[in-house]
Amino acid sequence: MTARFARLRRLRASPALRDMMQETQVDLNDLIYPIFIEEGLEDFAPVDSMPGVNRIPEKKLEQAIKEIARAGIRAVMLFGVSHHKDEDGSDSWNPNGLLARMIKRCKDAAPDLVVISDTCFCEYTTHGHCGVVEHGHVHNDHTIENLGRQAVIAARAGADMIAPSAMMDGQIAAIRAALDADGRHELPIMAYSSKFASACYGPFRAAAGSELKGDRKTYQMNPLNAREALRESNEDEAEGADILMVKPALPYLDILHQVRQQSLLPLAAYQVSGEYAMIKFAAMAGAIDEARVVRETIGSIKRAGADLILTYFAMDLAREGF
Ligand code: PBG
Ligand code: ZN
């Protein structure tokens, strides 16, 4: 006679049983692929801090997008690498500027691919901040006015979703009002609602050609705050966000879980450039098995509460399966 205890190993006995008992599944409908598009560039340009990621030349965007769609990717998030920067980032609301052109080119090349426009100014400003700088300070209310302008231009160019990432107060309300005033009541907003002032964005800033000196701590959140993330999420929901987001992902699974408990909105998580680089470089050094770590991290982000995951690994997953 053995003492009675739970034999949880019974359901781990074979590959088939393990597959059947798996509680979380990830598929391509869960993934959003972030891409970088540079104007005036001749050929694909590797990003040294993100092995496997290239800046796509604007003139080869059609070709790249067709390949992405053919691989089974459902949605892309566009980041422009601008050669027309100014103090306010005005090229981003120029109807013939890079932001408008890249959206149009994507929609022309693959009409069924969901095109999400990252809505911010840091790739279009000479100082690299996410908005209008006045007296050394990013001016909130002037910035949200410009965010509205940029969102309308993105909408007119054919974007399927607007994703404001500037972390300005009131940005969702301002963008919703601007879109509605342009008759775009049906266009959804995915709010970067809890975006932390993370050290994990370093490789992105190189990839996107951001000129930032200093930091974004007056607008992005303190990484050590959780309650504040819930307030940000509540506020964006109240202002009309259709999807919430937590960014970065893996170091913030507790936040993801808590936002999941608090809101009924779909929830996205952004596995950022630094998370990507940590996995890539560790794998290149032979320390970890990249394919397995990618699937474990993506699966864990989903398990913690994300419905959607933005990841630079999306193309690998589309090609190799899960
Ligand atoms: C800019 C923006 C950033 C990212 C997405 N949009 C960087 C930042 O705030 O400096 C980060 C993405 C990544 O690191 O992969 N608003
Ligand atoms: Zn920004």
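Start by selecting K107, which is buried (under 20% relative accessible area, with exposed over 50% and partly exposed in between, using a 1.4 Å probe on protein chains only) at a relative accessible area of 16%. You are looking at a predicted model, where local features need pLDDT of at least 70 and side-chain atom pairs count only at pLDDT 80 or more, while totals for chains, interfaces and linings use all residues. Residues are numbered from 1 along each chain as its sequence is written, chains are lettered from A and ligands numbered from 1 in the order in which they are written, and side-chain values use heavy atoms, leaving out hydrogens and water.

K107 sits in helix α3 (residues 98-109) and D160 in the loop between α4 (140-157) and β8, so the pair ties together parts 53 residues apart in sequence. Helices (H or I, at least four residues) and strands (E, at least two) are DSSP runs, numbered from the N terminus.

Next, select strand β8 (residues 161-164): M161 and A163 on one side, and I162 and P164 on the other, are all buried. Bring in β5 (residues 114-119), which pairs with β8 in the parallel sense over four bridges; pairing takes at least two DSSP bridges. Here I116 stands opposite M161.

Finally, pick R156 and D182, whose side chains form a salt bridge (2.6 Å, N to O).

Technical notes. A salt bridge is a side-chain nitrogen of Lys or Arg within 4 Å of a carboxyl oxygen of Asp or Glu.
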